[in-house]
Structure formats: C-alpha cells, structure tokens
Amino acid sequence: MANSKYEYVKAFERENYLLPETYIVIRVDGKGFHKFSQHYNFAKPNDLQALQVMNAAALEIMKRYSDVQLAYGDSDEYSFLLRRKCDLYERREMKLCTLFASLMATFYTLFWNKAHPERPIELEQVPTFDARAVSYPSFEIVRDYFSWRQVDCHINNLYNTTFWGLVKKGMTPQEAEQRLSGTVSSDKNEILFKDCGVNYNNEPEIYKKGTILVREFDEYKSEATPVTAVSSRQRQKQDKLRRKARIEKVHVDIINNNPWWDARPWLRE
Ligand code: ATP
Ligand code: ATP
Ligand code: MG
Ligand code: MG
Ligand code: MG
Ligand code: MG
C-alpha cells in the first residue's frame, strides 16, 4: 500500500504478543446465554442439542487450526489449548481472541440452523461470544486450568440438576433456591435421590464431565528439539501430521487421571 501522510496514526496501535514458549489457552464464553437459552426454549438443566452445537463449532475451529491440541467445553464456554511452540498470528493476543470469538459465533449460528431448521437464529437474539487468551508457563498449571473448568462444570451441573429436579417435583424456583441454600455436594446428592428419585451417578457423562476434544496420534514422534534447530521443511512435515491426526470427542475425568494425560505426551510439547 502507498504511504500517505495519514499513516502516522498507525503508530498509536498497540499489540500484545503472548509470551513465547508458553501454553496459550483461549476461552470463549457465550454472552448472556441465560437469556439466550430462555429465548430458544432450551431444555433445563441441560439442552443436549445446544451442547452438541457448541461441540460442533469447537470441532470446526480445531480442524482449521492444527495448533489447537485440546479443547474442553461445557455450558456456553469452550477452552482451546494451543501448543507451546505455536506461532499463529505471531501470538498476537487481539488477533487470536477476535478470531476465535468470531469463528465460534459464526459456526454456532450455522450449526444451530442446521440442527433447528424450524427455529433458526433470529436477528433479535444472535449468539455472540467473548474471548480471552492466557499464557501459562508450565504444563502443571495447564492441567490445573482444565481441572478448574471441569470442577466448575461439575458444581454447576450438580446444582442445576438438583434445582430443576425440585422444580419438576412442584417447588417454585424460589422454594428450590431456598432449599439448596447452604447445602454442600453430599446434601444435593441426597436431595436428588430422596426427593427427586434421581441417582446423580447415573446422569449422562456429557453433563457431569463436559466435553473434551483431543488430537490423537497413532505414531507419535517427539518434537522436543528447540524450534530454531528444526528446519522449515521439518516444521511443515510436523504440521502436516498434526493436520492429519484425528480428533476424538470424549467425556471423561481429566482431573485425577494421570494415565490419560501421560498417554498423550504431545499435549505437553
Ligand atoms: P487478512 O486476513 O490479513 O485481513 P485479507 O485477504 O482479508 O487478509 P485485506 O487487506 O483485509 O486482506 O483485504 C481484503 C481483501 O478482500 C481485498 O484486498 C479484496 O481482495 C477483498 N474484498 C473485500 N471486500 C471486497 C469487496 N466488497 N469487493 C471485492 N473485493 C473485496
Ligand atoms: P455472561 O454474558 O456473563 O457469560 P451468561 O448468561 O452467558 O452471562 P454464564 O455464566 O456464561 O452466564 O452461564 C451460561 C448460562 O447459559 C447457564 O447458566 C445456563 O442458564 C445457560 N445454558 C448454556 N448452555 C446451556 C445448555 N446446553 N442447556 C441449558 N442451559 C444452558
Ligand atoms: Mg461470563
Ligand atoms: Mg456466558
Ligand atoms: Mg458460561
Ligand atoms: Mg482482511
């Protein structure tokens, strides 16, 4: 582009480059989905189709960006783990966040309309997402991050399942809220069992654990060599392997599950 006397305005722009050699996690979260879910009459406490729309949108992002090794989602949020050596958009925070948020909103709309041809997205209630990116310096912290999200999923789901269980048994929302105020997990399990006839253990895994999308390699070769020592041809080859790797969807415990993480050393790289 030709230079102009106006171009100096570009000097006011600021860019945050996420620290090199750190794991990047980008979390998107639906804006006002409490209201969104009411508008589109989600089943409560869990609308399975809506979760599947989230999963389909996240999978599409993962297919496009081979730097994403793992994604975890529940409710209206998804977290994407980008590999430590990722150089996507030179690790520019604004590029990454705006890109992920807009992809999520667009894919959500497309997959929603595909799943609900009778109830397409309406102009007055469109799905939008915010996004944040955080860089984590160690894999232990990355694991704690995903544990944090899965614990959050569990706590919310236990509460919501009990709350809606009581409402379905005839309580008003206010009464159900009162009944649950001050209760701990074991109380909720008992209320569910005794008052609602529901054994929480038998609830679907996707509700209790959320969804994990993970890249899987049949024959994995470590990339442990420093990035500078790897030729660009080697890098292209490794990228091709990542692109070709299949992406699996599971609903398992990732908190106290060292074997699961240890079996996937590429997540650590
Ligand atoms: P980047 O992702 O870096 O922004 P880009 O391909 O979007 O890459 P831009 O500099 O943003 O590059 O330029 C947008 C390009 O999109 C234009 O160069 C033009 O080719 C095309 N384009 C956008 N809008 C129109 C339009 N209304 N009619 C024809 N071409 C268009
Ligand atoms: P914010 O804009 O601050 O994120 P929010 O209304 O989206 O506000 P969240 O804390 O993100 O608040 O919670 C998302 C809400 O969306 C849940 O509390 C729940 O009511 C609803 N929701 C999302 N997904 C589902 C689903 N699959 N089934 C039922 N309800 C859902
Ligand atoms: Mg929020
Ligand atoms: Mg939200
Ligand atoms: Mg949320
Ligand atoms: Mg452009």
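**Close-up views of a predicted model**

**Figure 1. The buried residues of helix 2 and their packing partners.** In this predicted model, the buried residues of helix 2 pack against strand 2, strand 3, helix 3, helix 7 (205–209), strand 5 and strand 6 (246–250). The buried positions in helix 2 are Ala 50, Leu 51, Val 53, Met 54, Ala 57, Ala 58, Ile 61 and Met 62. The length of the helix can also be checked: its 17 residues, at 1.5 Å a residue, should span 24 Å, and the end C-alpha atoms are 25 Å apart, so the two values agree.

**Figure 2. The largest nonpolar core.** In soluble globular proteins, nonpolar side chains tend to be buried together. The largest nonpolar core of this model has 38 residues, of which Ile 26, Ile 61, Ala 71, Phe 80 and Leu 81 touch the most other members. Two or more residues of this core come from each of strand 1, helix 2, strand 2 (68–74), strand 3 (77–82), helix 3 (93–115), strand 4 (129–136), helix 4 (139–168) and strand 5 (211–216). Helix 2 makes the greatest contribution to the core, with eight residues.

**Figure 3. The surroundings of Ile 61.** Neighbours within four places in sequence are left aside in this view. Ile 61 is then in contact with Val 68, Phe 80, Phe 100, Leu 103, Met 104 and Phe 107. Ile 61 is one of the buried residues of helix 2.

**Figure 4. The shell around ligand 2.** Which residues come nearest to ligand 2? Of the 15 residues around this ligand, they are Phe 33, His 34, Ser 37, Asp 47 and Ala 50. At least two residues of the shell are supplied by each of strand 1 (23–30), helix 1 (33–39) and helix 2 (48–64). Helix 1 gives the most, with three residues.

**Figure 5. The annotated span within the whole chain.** An unreviewed UniProt entry gives residues 6–137 the annotation "domain: tRNAHis guanylyltransferase catalytic". This span is 36% helix and 22% strand, and its end C-alpha atoms lie 40 Å apart. The chain as a whole contains nine helices and six strands, and its C-alpha trace spans about 70 × 50 × 35 Å along its principal axes. Of its 269 residues, 26% count as buried. Among contacts between residues at least 6 apart in sequence, 75% join residues at least 24 apart.

Note on methods. Residues are numbered from 1 along each chain as its sequence is written. Chains are lettered from A and ligands numbered from 1 in the order in which they are written. This is a predicted model: local features need pLDDT of at least 70, side-chain atom pairs count only at pLDDT 80 or more; totals for chains, interfaces and linings use all residues. A residue is near a molecule or strand if its C-beta atom, placed from the backbone, lies within 6 Å of it. Helices (H or I, at least four residues) and strands (E, at least two) are DSSP runs, numbered from the N terminus. A nonpolar core is a set of buried Ala, Val, Leu, Ile, Met, Phe, Trp, Tyr and Cys residues joined through C-beta atoms within 7 Å. A residue is buried if 20 or more other C-beta atoms lie within 10 Å of its own, exposed if 12 or fewer, and partly exposed in between; C-beta atoms are placed from the backbone. Two residues are in contact if their C-beta atoms, placed from the backbone, lie within 7 Å. UniProt positions are given in the numbering used here, feature names are shortened, and annotations may be inferred rather than shown by experiment. The expected span of a helix is 1.5 Å times one less than its number of residues.
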